[in-house]
Amino acid sequence: MTLRLAVPNKGRLEEPSATLLRQSGLSYEKTERALSVRVRNIDLELLFVRTDDVCELVADGVADLGITGLDLLTETGTRLQVAAELGYGRCRLTVAVPQSTDLAEVADFDGLRLATSHPRTTNRFFADAGITITTVPLRGSIEVAPKLDIADAIVDLVSSGSTLLVNGLRPVVTVLESQAVLVAREGDITGLAAEIVTMIQAVVAARRKRYVLMNAPATAVNAIEEIIPGIDAPTVVPLAHDGLVAIHSTVESDEVWGVLPRLKEAGASGILVLPIQQLIP
Ligand code: AMP
């Protein structure tokens with residue numbers, strides 16, 4: 001039977017999910033309004049659905065795998081496993097309060113009303129802390145709830161925090177850190193589904209790393225290995241000129257800019273930094 005992967009058809013996760021699937025090696029052509037499409041080079045069908053329907057569809061067996069936000073997996077309460085964290089769609093589910101209040105800690109919210117699109121997650125968070133709150137479920141424009149006096153504070157997804165600021169709100173407590181995730185039903189993931197998970201994980205892992213190449217005097221190898229130990233150890237290749245070597249290694253993408261000056265100082269020259277497409281450790 002053809003395997004099915006449910007992916008967001010619009011919204012924040014649509015474009016980065018399509019990019020991830022294509023970089024993972026899935027070849028498909030999607031027309032604007034297609035609800036599903038067959039992948040050309042794998043026995044896989046992509047179902048384009050709303051981000052917040054993905055968990056239900058996977059739980060019901062309509063799809064075998066799905067891409068959605070961790071916040072939605074938590075909120076729907078479906079019993080699924082996270083097969084991979086995808087590293088994009090990062091945000092925090094945050095309690096935010098009007099600037100004018102001095103609410104600051106979880107205990108301060110006892111008896112208050114909180115507007116949120118994540119009532120289940122919010123209720124569980126405060127119940128776990130032994131605090132009684134009332135949720136006011138809203139689908140959108142949650143930030144205006146305090147102004148309209150339908151809530152004392154809000155619990156909303158925040159990435160930069162600028163929307164909060166514009167609405168005179170201040171973040172005080174993080175309920176959940178979220179990012180896009182690949183979900184599957186519980187149990188062993190086997191066969192083609194396991195291969196797809198591996199392909200996707202390889203791209204996510206590769207994005208976190210860069211490939212670095214440089215020339216250096218052989219005497220500098222130890223100092224350079226300390227700076228860039230790589231996956232197992234750096235590759236060291238002799239150059240045509242005596243006493244000179246080429247060194248290849250990997251480095252965390254986030255650390256490249258800190259590492260380059262140190263490599264130069266240790267004697268490296270001709271340093272190249274290249275992207276990696278797939279990485280299987
Ligand atoms: P959508 O409503 O289809 O645009 O997708 C919403 C999903 O995108 C959320 O469930 C989160 O997982 C993710 N997301 C990432 N950053 C944000 C943000 N700043 N606000 C809302 N959702 C975000």
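On one side of helix H4, Ala127 and Asp128 are exposed. The model described here is a predicted one. Helix H4 spans residues 119-128, and its buried residues are Pro119, Thr121, Thr122 and Phe126. Viewed down the axis of H4, these buried residues fall within an arc of 165° and therefore line one face of the helix. An α-helix has 3.6 residues a turn, so residues three or four places apart point the same way. The cover over the buried residues of H4 includes helix H3 (70-76) together with strands E6 (91-98), E7 (113-116), E8 (134-137), E9 (153-158) and E10 (169-178). Glycine 130, which follows H4, has a positive phi, near 75°.

Two aromatic pairs are found in a search of the whole structure. In the pair formed by phenylalanine 125 and phenylalanine 126, the ring centres are 5.3 Å apart and the planes stand at 90°, so the arrangement is edge-to-face. Phenylalanine 125 has a relative accessibility of 21% and counts as partly exposed, whereas phenylalanine 126, at 1%, counts as buried. The cut-off for burial is under 20% relative accessible area. Ring pairs join Phe109, Phe125 and Phe126 into a cluster.

Within the loop between E8 and E9 lies glycine 140, a residue that is partly exposed, with a relative accessible area of 39%. The C-alpha atoms of glycine 140 and serine 117 are 7.2 Å apart in space, although the two residues are separated by 23 residues in sequence.

The largest nonpolar core comprises 29 residues, and Leu5, Leu21, Leu44, Leu46, Leu86 and Leu182 have the most contacts inside it. Two or more residues of this core come from each of strand E1 (3-8), helix H1 (14-23), strand E3 (44-49), strand E4 (65-69), strand E5 (80-85), strand E11 (180-185) and helix H6 (191-207). Helix H6 gives the largest share, six residues. Leaving aside residues up to four places away in sequence, leucine 21 touches Leu5, Val7, Leu26, Tyr28, Leu46, Ile67 and Ile200. A second, separate core of 16 residues includes Ile227, Ile228, Val251 and Ala268.

Charged side chains also lie over aromatic faces. Arginine 22 is placed over the face of tyrosine 28, at 4.0 Å from the ring centre; Tyr28 is also one of the residues touched by leucine 21. Lysine 30 lies over the face of phenylalanine 48, at 4.6 Å from the ring centre.

Methods: Residues are numbered from 1 along each chain as its sequence is written. This is a predicted model: local features need pLDDT of at least 70, side-chain atom pairs count only at pLDDT 80 or more; totals for chains, interfaces and linings use all residues. Side-chain values use heavy atoms; hydrogens and water are left out. A nonpolar core is a set of buried Ala, Val, Leu, Ile, Met, Phe, Trp, Tyr and Cys residues joined through side-chain atoms within 4.5 Å. Buried means under 20% relative accessible area, exposed over 50%, partly exposed in between (1.4 Å probe, protein chains only). Helices (H or I, at least four residues) and strands (E, at least two) are DSSP runs, numbered from the N terminus. Contact means heavy atoms within 4.5 Å. The arc is that of the directions from the helix axis to the C-beta atoms. Rings of Phe, Tyr and Trp (its six-membered ring) pair if their centres lie within 6.5 Å; planes under 30 degrees apart count as stacked, over 60 as edge-to-face and the rest as tilted. A charge sits over a ring if NZ of Lys or CZ of Arg is within 6 Å of the ring centre and within 35 degrees of the ring normal.
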